[in-house]
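Please look through the following model with its sequence at hand.

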Amino acid sequence: MVTILDVARMAGVSKATVSRALNGKVFVREEVKARILQAVAETGYRPNQLARNLANNKTNSIGLVITNGLYNGPFFSSMVYQAATRSEGHSRQLVLADGKHSAQDERDAIGLLLELRCEAIMIYPKYLSVSELDDIIDGNQTPIVVINRELIRNRNRCVFTDHRRSSEEMVEHLLAQGHTRIAFVAGVCGSPTGERRLRGYRDALRKAGISPDPQLVVRGAWSTESGYEAGRQLLALNIPFTCVLAANDDMAIGLAKAFQDAGKSVPGEISLAGFDDSVIGKYYTPSLTTIHVPMDEMIRDAVEILLHPDEKTVFSHQGTLVSRDSVARRVDAE
């Protein structure tokens with residue numbers, strides 16, 4: 001492997017002079033710099049960026065921790081895209097670390113980014129609790145911001161949206177269309193986002209004087225495939241329902257396929273709605289009624305918090321109802 005010493009020998013200078021020339025921080029005579037650059041080209045030398053980071057204590061990079069269980073879907077690919085483009089807009093490189101399958105894995109991913117000297121870190125947690133996240137922020141000088149979770153002690157280091165209220169708003173919309181037998185496909189048990197959306201569903205029904213039917217709540221796993229299986233499960237129950245609210249758009253698309261395969265028309269016989277406003281829902285037929293989660297704005301605010309960590313602003317967002325073709329008004333409700 002070519003080293004900086006090889007370059008120095010070929011250029012007839014010291015290692016320190018090569019380092020100064022390549023860093024561009026100290027003046028090096030043009031003729032000397034030209035010899036060094038020629039030696040770099042001929043040897044194929046590539047500076048060790050990690051070593052530079054350790055020496056300079058600065059990387060111009062922003063870390064993102066997200067568990068691999070969330071990778072598979074258009075919503076999260078869009079989130080990573082936003083994180084990358086926002087970082088690039090501030091001349092930073094995005095470094096992705098896998099939170100894998102447990103709270104310890106998420107801690108290890110954070111630790112890896114800290115070891116790499118990332119300038120700041122964003123966390124989209126699945127397993128770490130609010131108190132654990134607060135402890136991590138309190139215990140590190142590196143700016144850390146949590147996405148999609150409301151913290152207690154570090155409210156200016158998180159960006160979140162009110163999933164429970166958004167779910168209530170969606171159910172209120174479905175009730176206004178004459179639907180009273182509304183099923184719900186929840187996400188994986190224990191997901192903070194999923195549990196808040198389920199709670200909002202139940203709260204909205206109770207406010208309307210309707211007791212939630214536990215038979216109409218089934219569990220999915222956030223994927224389109226799990227939505228398809230949930231749709232088959234609901235149909236097999238052989239109990240009446242006219243509408244299904246899925247805890248995300250991916251599962252809603254799976255539900256639509258299950259209903260269509262069973263000869264049920266959407267929205268003619270069964271109306272359907274989801275969450276997240278993913279691209280696929282907009283262009284699906286029928287286009288999907290959903291809750292728009294302002295992830296673009298949340299990532300924007302997260303990066304701003306990281307680059308200005310002393311600001312005390314709390315970034316709370318609200319989802320927006322997007323009414324499309326997958327929900328029909330019940331004729332017998334007129």
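This is a predicted model: local features need pLDDT of at least 70, side-chain atom pairs count only at pLDDT 80 or more; totals for chains, interfaces and linings use all residues.

Start with helix α1, which covers residues 4–11. Its buried residues are Val7, Ala8 and Ala11. Around the axis they cover an arc of only 100 degrees, so they sit on the same side of α1. After the helix comes Gly12, and the phi of Gly12 is positive, near 70 degrees.

Next is helix α8, made of residues 163–176, where Ser167 is found. Ser167 has a relative accessible area of 0%; buried means under 20%, so Ser167 counts as buried. Which residues does Ser167 touch, not counting residues up to four places away in sequence? With that exclusion, Ser167 touches Phe184, Arg197, Gly200, Tyr201, Leu245 and Phe275. For Tyr201 there is a further detail: its backbone nitrogen lies 3.2 Å from a polar atom of the Ser167 side chain. A polar contact requires a pair of N or O atoms within 3.5 Å.

The last stop is helix α11, residues 249–261, which holds Gly254. Is Gly254 buried or exposed? With a relative accessible area of 1%, Gly254 is buried. Leaving out residues up to four places away in sequence, Gly254 touches Thr224, Gly227 and Tyr228. How far apart in space are Gly254 and Leu175? From C-alpha to C-alpha the separation is 23 Å, and along the sequence the two are 79 residues apart.

Conventions: Residues are numbered from 1 along each chain as its sequence is written. Side-chain values use heavy atoms; hydrogens and water are left out. Helices (H or I, at least four residues) and strands (E, at least two) are DSSP runs, numbered from the N terminus. Buried means under 20% relative accessible area, exposed over 50%, partly exposed in between (1.4 Å probe, protein chains only). A polar contact is a pair of N or O atoms within 3.5 Å; within protein, one must be able to donate a hydrogen and the other to accept it, and residues adjacent in sequence count only if both atoms are side-chain atoms. Contact means heavy atoms within 4.5 Å. The arc is that of the directions from the helix axis to the C-beta atoms.
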